[in-house]
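Hi,

Here is the structure I promised to pass on. Have a look at it first, and my notes follow below.

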Amino acid sequence: MTVPQHGDGRFRYGPWHGGPDPLAPPYDVRAALDEVGRDVLAGGSMREALADLLRRGLGDRAGLDDLAARVRRMRNAARRRGDLGGTLDQVRAALDQALADERDTLAAEEGDDARWAEMELATLPDDTAGAVRGLADYPWHSDSARATYQSIQDMLRREVLDAQFAGMAQMLSDPDPEAMQAVKDMLADLNALLAAHARGEDTEDRFRDFMDKHGDLFPEQPENVDELIDALARRQAAADRMLASLSPEQREQLGQLMSDALSDPDLASQMAQLSDNLRALRPGMDRGPVQMRDGGDPLGYSDAVQAVAELADLEALEQALAMDRPGGTLDDVDVEVLERQLGAGAVTDFRALRELERELERQGYLTRDEDGVRLTPRAVRRLGETALKRVFAQIDAAGTGAHEDHRTGSADELTGSARHWVFGDELPIDAVRTVGNALRRGEGIPARLTVEDFEVVETERRTAAAVALCVDLSFSMVQEGRWGPMKQTALALSHLVATRFRQDALEIIGFDRTARRLNPVQLADVEPEWVQGTNLQHALMLAGRHLRRHPDAEPVVLVVTDGEPTAHVTADGHPFFSWPPLPETIRATVRQVDELSRYGAGINFFMLGNDPGLERFVDAVARRAGGRVFTPDLSRLGEYVVADYLRTRRGRRRAG
């Protein structure tokens, strides 16, 4: 690949050295379709097959399971990040230092004031919050002790505000009263903005003014009011979850310390108003406790809130990637959180997965209706082509040489006329007419061909055979793992007839308790049902109707089944099932065999499994109707069916 390089007002082109090709497709759609198709043909639904593919991933791109596993490891690491109650430890340590300095100073002083002060210190509450509150009006004798105590109040105020506003700590590191007033002004503007948004007012201009004035305090750099609310509500919910994760004693003490730190009435009022606004605007956020593991360094209040916020993000991300909630989709995954936690590579893989279904639909492989997503005829043709290639590979490996004729429409007769090529034509190109059209347009030699130049040779189709493929859809086929090979075999044969022997007429007939005609798309979509019954009689009845619709064609009936007949259609048109089979069912089925035999149709059975009853039945039918019985290994079912069809065609050519 070459890319333009700008220089001196001109563009030069050279090789791309920036990593993966930016123009390369994010995934192989045909490979994805093959993966989905295998699951669908094995009996899964289209949505389940897509979900499985998304979980596994495709090629070298990570799937949802890989991404979720990485998130899970990060979540476990986040649980070991530190002790959420570290703020109390920090306050206790600073308080002990202040008290030690104060006692040393008092011990060096004489007089009643010093002794009364010592007595007051001795009667302080044992708990940290009570001791800090008890010292609020204490007349310190030690300057260093006073400064240490004041640092506790400043630290708590800074931690509380920084926990809600990620960019606040640096601003409040300077004890300048103007900095605190700027915080109050920001809170007032913020609450006014959120209140207007809650009333449904247009706040776009007000939001821009707010960010111009206070944007330095919001490193998330939200682009609208909703993103601002999301960021603030996330941190508030994390603070609530952090407090809920502490012991009742720790929670009570920390609550008292934070309340005392916000002793400024205006500041406390604005923070309370902000909390109420965020709870009203984002009421559904999780505020329950988190499970942190013991150990780790003590965390300050702001760091603890941030740790819980990251843990909450990881938990939500893991749940969204699992897609185990009813109605959950990949649109529920927060891509920004995914990039923040796992990096840009994970986002690239995720976006490729998210676009996969849309790309399959855009390229015409999937369609969507009221029942969900389905395979299109184009997709089924692709699956049939893949299945047929696999069958031919098996035939080649077996050395049967059964598909020596690969020419599309080889049995069609040329009519001597030609016409312009149209999209979808599979007829041979008329090279002479095509080149002649280009030359008549005035092209020189060598001629440049356009789409309009191409012409194809017309052929006349002759229906040489009417083939009825009867496939067993009873639940035993699913239980024994025969469902997928059966569907792949039917699609392979259908694709072979549609592309190489278009003069033949193939009909696929599925049967369980009743039988029905299936086109390739319907066959691919059919899912297993808990239906007992093997109504071969009804299937042969539909096969006879298909053969009679093509009276000039040679009749061929192929039956794939794993059980003896256990159901038939009664005289009133209703299906009747019985296990073990009743004589009436066997007689009704044999009557259909005799009717097909009189019509001249041979019935070839492909018997799966080791059902003694089925074995006796098909042997008797073969002797009665002159058909053949095959007992293929399940992995070679397609090879047997396709090879038998091809042998039949060669026999007809020789007879002709």
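Which residue in E18 is the bridge partner of phenylalanine 605? It is valine 629. Please keep in mind that this is a predicted model.

E17 and strand E18 (residues 629-630) pair in the parallel sense, over two bridges. Together with helix H24 (residues 612-625), the two strands make a right-handed β-α-β unit. E17 also pairs with strand E14 (residues 554-561), again in the parallel sense, this time over six bridges; there, valine 556 has glycine 602 of E17 as its bridge partner. Five of the six residues of E17 are buried, so the strand is largely enclosed by the rest of the structure.

Now for the charged side chains. Searching the whole structure gives 19 salt bridges, and a few may interest you:

- Lysine 213 and aspartate 189 meet at 3.2 Å, N to O. This pair links distant parts of the chain, with lysine 213 in helix H10 and aspartate 189 in helix H9, 24 residues apart. Lysine 213 is exposed at 57% relative accessible area, while aspartate 189 is partly exposed at 28%.
- Arginine 441 and aspartate 453 have their closest N and O atoms 2.8 Å apart. Both sit in the loop between helix H18 and strand E10, twelve residues apart. Arginine 441 is partly exposed at 40% relative accessibility, whereas aspartate 453 is buried at 2%.

Definitions and conventions:
Residues are numbered from 1 along each chain as its sequence is written. This is a predicted model: local features need pLDDT of at least 70, side-chain atom pairs count only at pLDDT 80 or more; totals for chains, interfaces and linings use all residues. Side-chain values use heavy atoms; hydrogens and water are left out. Buried means under 20% relative accessible area, exposed over 50%, partly exposed in between (1.4 Å probe, protein chains only). Helices (H or I, at least four residues) and strands (E, at least two) are DSSP runs, numbered from the N terminus. Two strands pair if DSSP finds at least two bridges between them. A crossover is right-handed if, with the strands pointing away from the viewer, the path from the first strand over the helix to the second runs clockwise. A salt bridge is a side-chain nitrogen of Lys or Arg within 4 Å of a carboxyl oxygen of Asp or Glu.
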